Amino acid sequence: MDTKTNSRIQKLEFLLKQMDKIHLRDAASILNVSEMTIRRDLSTESGALVLLGGYIVKDPQRLNENGYFIFEQQSKNIAQKMQIGKLAAEQINDGDVVFFDCGSTIPFIASQISDSVNFTAICCSINTFMILQEKNQCNLILCGGHYSRDNSFLNALTLQNELDAICPTKAFISAAGVHHQKGVTCFRFEEARVKIKAMQKAQQTILVFDDSKLGKIQQAYIGELNQFDSVICNVPLPEAFPQHAQPTAIAK
């Protein structure tokens with residue numbers, strides 16, 4: 001299998017960790033190739049993925065190999081999250097200590113980090129952990145606590161967790177709402193608490209979100225846009241957003 005084919009298969013395998021199926025047309029659009037190219041890839045692949053009724057799915061005979069499922073939010077805005085994830089992954093260098101937030105966009109970053117990058121990762125969600133543990137050059141730290149099935153989040157039972165002992169070089173923070181006046185928000189207060197702690201500890205904070213979050217306000221406040229060193233979104237920020245929200249990295 002050539003390098004390009006292998007790369008496409010790996011991305012399809014990652015996408016099928018986020019959902020139970022993906023239409024051939026959508027897969028071709030996300031990978032920016034023709035449907036025929038995807039068909040050829042699957043015909044030369046070892047059989048972990050198959051095409052059934054126009055949908056790419058895991059081989060039914062192998063479904064029991066990994067019983068891990070993630071949630072509805074991770075099957076939305078897939079192409080945008082792949083764009084954001086690629087640009088964010090390119091920011092990670094050898095020797096970095098990186099905090100990976102919870103949220104549906106973060107696994108798309110983890111999945112696209114080069115296998116050759118030697119770095120330390122600290123994460124607080126199982127879905128991101130499952131991606132990072134496959135990277136041999138990643139020194140992986142998982143924050144412990146009570147597991148929430150709703151958001152795959154590990155919430156510390158005490159006031160302290162592993163993050164208290166670490167100063168990340170970079171922290172990728174996700175959001176469910178980004179508003180030009182009300183700031184950056186998420187759904188859950190326990191998530192916001194961990195995000196704020198990571199922002200305080202990190203040398204560089206990077207906000208990541210897709211354009212569906214723009215203008216939204218959720219109940220748990222994280223901070224103002226100017227508290228982040230950079231922003232990665234799949235579109236330019238609207239003019240209503242203050243210039244101090246820059247510098248802004250825009251996924252192409």
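## Aromatic rings

The structure holds 3 aromatic pairs. Pairing between rings joins F100, F119 and F172 into a cluster. The model is a predicted one.

A charged side chain also meets a ring. K21 lies over the face of Y55, and its distance from the ring centre is 4.5 Å.

## The sheet of β1, β3 and β2

An open sheet is built from 3 strands, and their order across it is β1-β3-β2. The pairing in this sheet is antiparallel. At the edges stand β1, residues 22–23, and β2, residues 49–52. Each of these has a single partner strand, so one side of each has no neighbour in the sheet.

Strand β3 covers residues 55–58. The strands β2 and β3 run antiparallel and are joined by 4 bridges. Within this part of the sheet, L49 stands opposite K58 in β3.

Helix α1, residues 3–18, lies across β1, β2 and β3. The helix runs at about 80 degrees to β3.

Helix α1 also packs with another helix. Two packed helices are described by the angle between their axes and the distance between the axes. For α1 and helix α3, residues 35–44, the angle is about 90 degrees and the axes are 10 Å apart. This makes α1 roughly perpendicular to α3, because angles of 65 to 115 degrees count as roughly perpendicular.

On the α1 side, the residues that meet α3 are T5, R8, I9 and L12. On the α3 side, they are T37, I38, D41, L42 and T44. The residues of this contact divide into 4 nonpolar, 3 polar and 2 charged.

## The sheet of β10, β11 and β13

Another open sheet has 3 strands in the order β10-β11-β13, with antiparallel pairing. The edge strands here are β10, residues 177–179, and β13, residues 220–223. Each edge strand pairs on one side only. From one strand to the next, the twist averages 30 degrees.

Strand β11 covers residues 183–186. It pairs with β10 in the antiparallel sense, over 3 bridges. Across this pairing, V178 stands opposite V184 in β11.

A helix packs on this sheet as well: α7, residues 189–201, touches β11 and β13. The direction of α7 makes about 10 degrees with that of β13.

Technical notes. Residues numbered from 1 in each chain as written. Predicted model: local features only at pLDDT ≥ 70, side-chain atom pairs only at ≥ 80, totals over all residues. Heavy atoms only, no water. Pairing = 2+ DSSP bridges. Helix = DSSP H or I, 4+ residues; strand = E, 2+ residues; numbered from the N terminus. Contact = heavy atoms within 4.5 Å. Axes fitted to C-alpha atoms, helices over the stretch in contact; angles between N-to-C directions. Parallel < 35°, antiparallel > 145°, perpendicular 65-115°, else oblique. Nonpolar A, V, L, I, M, F, W, Y, C, P; charged D, E, K, R; others polar. Phe/Tyr/Trp six-rings, centres within 6.5 Å; stacked < 30°, edge-to-face > 60°. Lys NZ or Arg CZ within 6 Å of the ring centre and 35° of its normal.
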